Amino acid sequence: MKKSELRSLKAKKAWVQDLIKVFTQYNSDPQCELDYDSPEELLVATILSAQCTDKRVNIVTKKLFKDCKIPEELATWSLEKIEAYIFSTGFYKNKAKSLKFMSQDLVDHHKSKVPQKLAELIQLRGVGRKTANVVLGECFNAPEGVVVDTHVGRLAKRLGLTASENPVKIEQDLMKVIPKEYWVRFAHWLILHGRGPCKSRKTHCEKCYLSDVCPSSKLNF
Ligand code: SF4
């Protein structure tokens with residue numbers, strides 16, 4: 001690694017410590033906003049949350065989880081029946097396939113339980129690295145990476161923690177500077193902040209508690 005990169009890594013680690021202090025002051029225990037009662041249900045909810053609000057997913061899963069045992073029954077439901085339940089979350093045809101085939105994989109290869117290793121989780125059909133890390137972090141406190149969704153990617157860039165637009169590279173950049181014990185919380189903080197003042201199209205820096213320190217604050221210019 002070049003000296004300049006090392007310096008910048010050191011500076012970023014110090015910056016992350018400052019951010020952790022501020023975030024902790026305002027929200028010491030940020031939580032996942034998806035409703036679930038088991039790792040298997042969270043896996044379903046996380047798959048449904050792609051390109052959809054957590055609020056909408058919670059409406060859909062409330063009925064789905066009441067009517068269907070996850071994953072045993074979901075593995076046997078027809079795609080049409082699953083589609084009818086999840087239609088309002090968008091991309092319902094692909095999501096229905098992911099839910100059915102992921103459930104079949106859990107039943108056939110994992111005794112109907114979510115495996116606790118990233119390598120095994122991403123072998124399940126319809127489960128990517130982001131989804132796997134959500135479940136590992138939330139249910140087992142054993143994340144093997146940082147969850148990078150659209151909010152995390154945008155905020156990481158605005159806060160100067162990455163220069164990349166590529167989720168894989170962003171995750172690598174974040175893993176280098178965020179202490180592992182904060183991987184889950186830091187992603188929650190960025191997601192909540194992205195849903196709050198630091199929206200995609202418009203930032204409300206005047207209402208943001210990071211405005212004094214944020215390198216992208218409109219108030220600094
Ligand atoms: S100061 Fe502005 S750009 Fe920076 S995190 Fe807050 S809302 Fe986003």
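In this predicted model, the axes of helix H4 (residues 79-86) and helix H5 come within 9 Å of each other and cross at roughly 120°. The crossing in which H4 passes H5 is right-handed. On the side of H4, the contact is made by Leu 79, Ile 82, Glu 83 and Ile 86, while H5 contributes Tyr 92, Lys 93, Lys 95, Ala 96, Lys 97, Leu 99 and Lys 100. Sorted by class, this contact has 6 nonpolar and 5 charged residues, with no polar ones.

A second pair can be described in the same terms. Two packed helices are described by the angle between their axes and the distance between the axes. Helix H2 (residues 39-48) and helix H3 (residues 54-67) have axes that come within 10 Å and cross at roughly 140°, and these two helices are therefore also oblique to each other. Their crossing is right-handed. The residues that make the contact are Glu 41, Val 44, Ala 45 and Leu 48 from H2, together with Val 57, Val 60, Thr 61, Leu 64 and Phe 65 from H3. This contact of H2 with H3 divides into 7 nonpolar residues, 1 polar and 1 charged.

| Helix pair | Axes come within | Crossing angle |
|---|---|---|
| H4 and H5 | 9 Å | roughly 120° |
| H2 and H3 | 10 Å | roughly 140° |

Is Ser 112 buried or exposed? Ser 112 has a relative accessible area of 11%, and because buried means under 20%, Ser 112 counts as buried. Leaving aside residues up to four places away in sequence, Ser 112 touches Glu 40, Pro 71, Glu 72, Leu 106 and Val 107.

Helix H8 (residues 150-158) is mostly covered, with 7 of its 9 residues buried. The buried residues of H8 are His 151, Val 152, Gly 153, Arg 154, Leu 155, Ala 156 and Arg 158, and they pack against helix H9 (167-177) and helix H10 (183-195).

Finally, the model includes a ligand, and the residues around the ligand are His 193, Pro 197, Cys 198, Cys 205, Cys 208, Ser 211, Cys 214, Ser 216 and Ser 217. This shell around the ligand divides into 5 nonpolar and 4 polar residues, with no charged residue.

Conventions. Residues numbered from 1 in each chain as written. Predicted model: local features only at pLDDT ≥ 70, side-chain atom pairs only at ≥ 80, totals over all residues. Heavy atoms only, no water. Near = heavy atom within 4 Å. Nonpolar A, V, L, I, M, F, W, Y, C, P; charged D, E, K, R; others polar. Buried < 20%, exposed > 50% of the residue type's maximum accessible area, 1.4 Å probe, protein only. Contact = heavy atoms within 4.5 Å. Axes fitted to C-alpha atoms, helices over the stretch in contact; angles between N-to-C directions. Helix = DSSP H or I, 4+ residues; strand = E, 2+ residues; numbered from the N terminus. Parallel < 35°, antiparallel > 145°, perpendicular 65-115°, else oblique. Left-handed = near helix turned anticlockwise from the far one by under 90°.
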